[in-house]
Amino acid sequence: MSAILRSGVTFAAMDVRTAARDRDRLLKRRLDAIVPDLMRRHRFEAWVISAREYNEDPVAATMLPATWLETARRRTILVFRDHGAQRGAISRYPVGPFPSVWDPDEQPDQWAALADYLSGVAGTIGINTSGVFGLADGLSSTEHLALVQAISEHHVESAEKLAIGWLETRLDGEAKTMEEACRMAHGFLRTALSEEVIRPGSTSTEDVAWWLTQTVHDSGHGIWFHPGVTVQRRGGDTMSPADGINDRVIERGDLVHIDFGIVRNGYHTDQQQHAYVLAEGESAPPGSLVSGLAQGNRLQEILMAEMSPGLTGNEVLRSTIDAARSEGIRPIVYTHPIGLHGHAAGSTIGLWDNQEAVVGAGDYPIGANTGWSIELALEVEVPEWDGQTARIMLEEDAFLGADGVTFLDGRQEELWLIG
């Protein structure tokens, strides 16, 4: 069964067997290409990732075969050795592309088996601990104590740079898969912001949110957060990103905003767009809202031009804000990586409530071949609303490649209209 959304995008039920095979082939390619490069670059001879069933390390979950559904079995220990040239699992059975290197009959103690496998390692061993990035801090306290004790004769350091590099780096072809996910998400979003879903005076913001959730579910894909659907209107309060969901009936004259993301083939999207519900007698939205969206597009361009591998998120934040203010824009920038997670691994470029500098994550350098959610907002005065301030909040997914930062599936450049 398939359906055609207002955007013209068609979705159909996935062939899950084919999708799983494709995912496993990509996993092997990523392990072969990314991990050895990272380990040599950051001078780690070995990397140990340990997780227990239903308490998965976020990195381990991305290295498991598709049929494991991102869930470890008992204790699963994945090991890279010889600067990533060799890999194995201290497990009773193979773990996808990790062959089993443990025979419990010969060595019943799993931690002792790990020590035996690492016996020839002379250099630094990385483990997943981090005070800055939760995605790189997946080693639980119990696992940490047992692991450090088992390999106490080795030099152990945080593998933060390995974990973030693995999670954020995309290979050739992955951007195309991310683009397909974005196109599908845009289709859902465009339909949600139309008369097909919104009937002024009767449809509530939560009705729209649950329509999105149900429709994505019916397509065989997932969402990673409950859609945020909000309205701004004459005489109402200016929204901020902290306001979340305000369950209101959508009326004529409302500016409707949706924050929405799906999960397709393991890749996440994150998008925000607006529609204007025409008031009685109107044939177009207030001109100040139209110009506000144009300013938002310009702010996107400024930010994307400032982004470059090697710069920190804080450096990009500062230069973007300075450049935007010089053009009369009142910016709020809170852009984040996207890919295998929604709020994914990598540098942070501002937070909606911190436009100065993000300590830790904002000090991390931007990586090449990475996905980004270009998320930002600006405030505009609306004379048509008696000078009231409105907030234009935009978010579109992009890719930082050899040609700079480009949107994966375009962006909103005009307000969608609901008659």
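One definition before we start. Buried means under 20% relative accessible area, exposed means over 50%, and partly exposed is in between. Keep in mind that this is a predicted model.

With that cut-off, take Phe80 and Phe98. Both are buried. Their rings form an aromatic pair, and that pair is edge-to-face. The centres are 5.4 Å apart, with 75 degrees between the planes. Where do the two residues sit? Phe80 is in strand E4, residues 75–81. Phe98 is in the loop between strand E5, 86–90, and helix H3, 110–117. They are 18 residues apart, and the pair links distant parts of the chain. Trp47 joins in here: ring pairs link Trp47, Phe80 and Phe98 into a cluster.

How many aromatic pairs does the count come to? The count is 6. Here is another of them, Phe133 with Tyr364. The ring centres are 5.1 Å apart and the planes stand at 80 degrees, so this pair is edge-to-face. Phe133 is in the loop between strand E6, 125–127, and helix H4, 141–150. Tyr364 is in the loop between strand E15, 336–337, and strand E16, 370–382. The pair therefore ties together parts that are 231 residues apart in sequence. Phe133 and Tyr364 are both buried.

Now the helices. Two packed helices are described by the angle between their axes and the distance between the axes. Start with H8, residues 287–306, and H9, residues 313–326. The angle is about 140 degrees, and the axes are 9 Å apart. H8 and H9 are therefore oblique to each other. The crossing of H8 past H9 is right-handed. Which residues meet? From H8 we have Leu299, Ile302, Leu303 and Glu306. From H9 we have Val316, Ser319, Thr320, Ala323 and Ala324. By class, the residues of this H8 and H9 contact are 6 nonpolar, 2 polar and 1 charged.

Stay with Ala324 in helix H9 for a moment. Is Ala324 buried or exposed? Its relative accessible area is 0%, so Ala324 is buried. Neighbours within four places in sequence aside, Ala324 is in contact with Leu299, Ile302, Ile329 and Pro331. For scale, Ala324 and Val249 are 75 residues apart in sequence and 35 Å apart in space, C-alpha to C-alpha.

Next, H6, residues 174–192, and H7, residues 205–218. They pack at about 145 degrees, with axes 10 Å apart. H6 also passes H7 in a right-handed crossing. H6 brings Phe188, Leu189, Thr191 and Ala192 to the contact. H7 brings Val208, Trp211, Leu212, Thr215 and Val216. In the contact of H6 with H7, that gives 7 nonpolar, 2 polar and no charged residues.

On to Asp409. It is in the loop between strand E18, 404–407, and strand E19, 416–418. What does Asp409 touch beyond four places in sequence? Glu179, Cys182, Arg183 and His186. Take Cys182: Asp409 is 227 residues away in sequence, but 6.1 Å away in space, C-alpha to C-alpha. Asp409 has a relative accessible area of 22%, so it is partly exposed.

Glu70 is in the loop between helix H2, 58–61, and E4. Its relative accessible area is 41%, so Glu70 is partly exposed. Residues up to four places away not counted, Glu70 touches Arg23, Glu56, Ala61 and Leu64. Glu70 and Val59 are 11 residues apart in sequence and 9.9 Å apart in space, C-alpha to C-alpha.

Last, backbone angles. His83 is not a glycine, yet its phi is positive, about 55 degrees. His83 lies in the loop between E4 and E5. At 34% relative accessible area, His83 is partly exposed. Asp386 also has a positive phi, near 60 degrees, and is likewise a residue other than glycine. Asp386 lies in the loop between E16 and strand E17, 388–401. Asp386 is exposed, with a relative accessible area of 61%.

That's my tour. Over to you.

How values were computed
Residues are numbered from 1 along each chain as its sequence is written. This is a predicted model: local features need pLDDT of at least 70, side-chain atom pairs count only at pLDDT 80 or more; totals for chains, interfaces and linings use all residues. Side-chain values use heavy atoms; hydrogens and water are left out. Axes are lines fitted to C-alpha atoms, for helices over the stretch in contact, and angles run from 0 to 180 degrees between N-to-C directions. Helices (H or I, at least four residues) and strands (E, at least two) are DSSP runs, numbered from the N terminus. Angles under 35 degrees count as roughly parallel, over 145 as roughly antiparallel, 65 to 115 as roughly perpendicular and the rest as oblique. A crossing is left-handed if the near helix is turned anticlockwise from the far one by less than a right angle, and right-handed if clockwise. Contact means heavy atoms within 4.5 Å. Ala, Val, Leu, Ile, Met, Phe, Trp, Tyr, Cys and Pro count as nonpolar, Asp, Glu, Lys and Arg as charged, and the others, Gly among them, as polar. Rings of Phe, Tyr and Trp (its six-membered ring) pair if their centres lie within 6.5 Å; planes under 30 degrees apart count as stacked, over 60 as edge-to-face and the rest as tilted. Buried means under 20% relative accessible area, exposed over 50%, partly exposed in between (1.4 Å probe, protein chains only).
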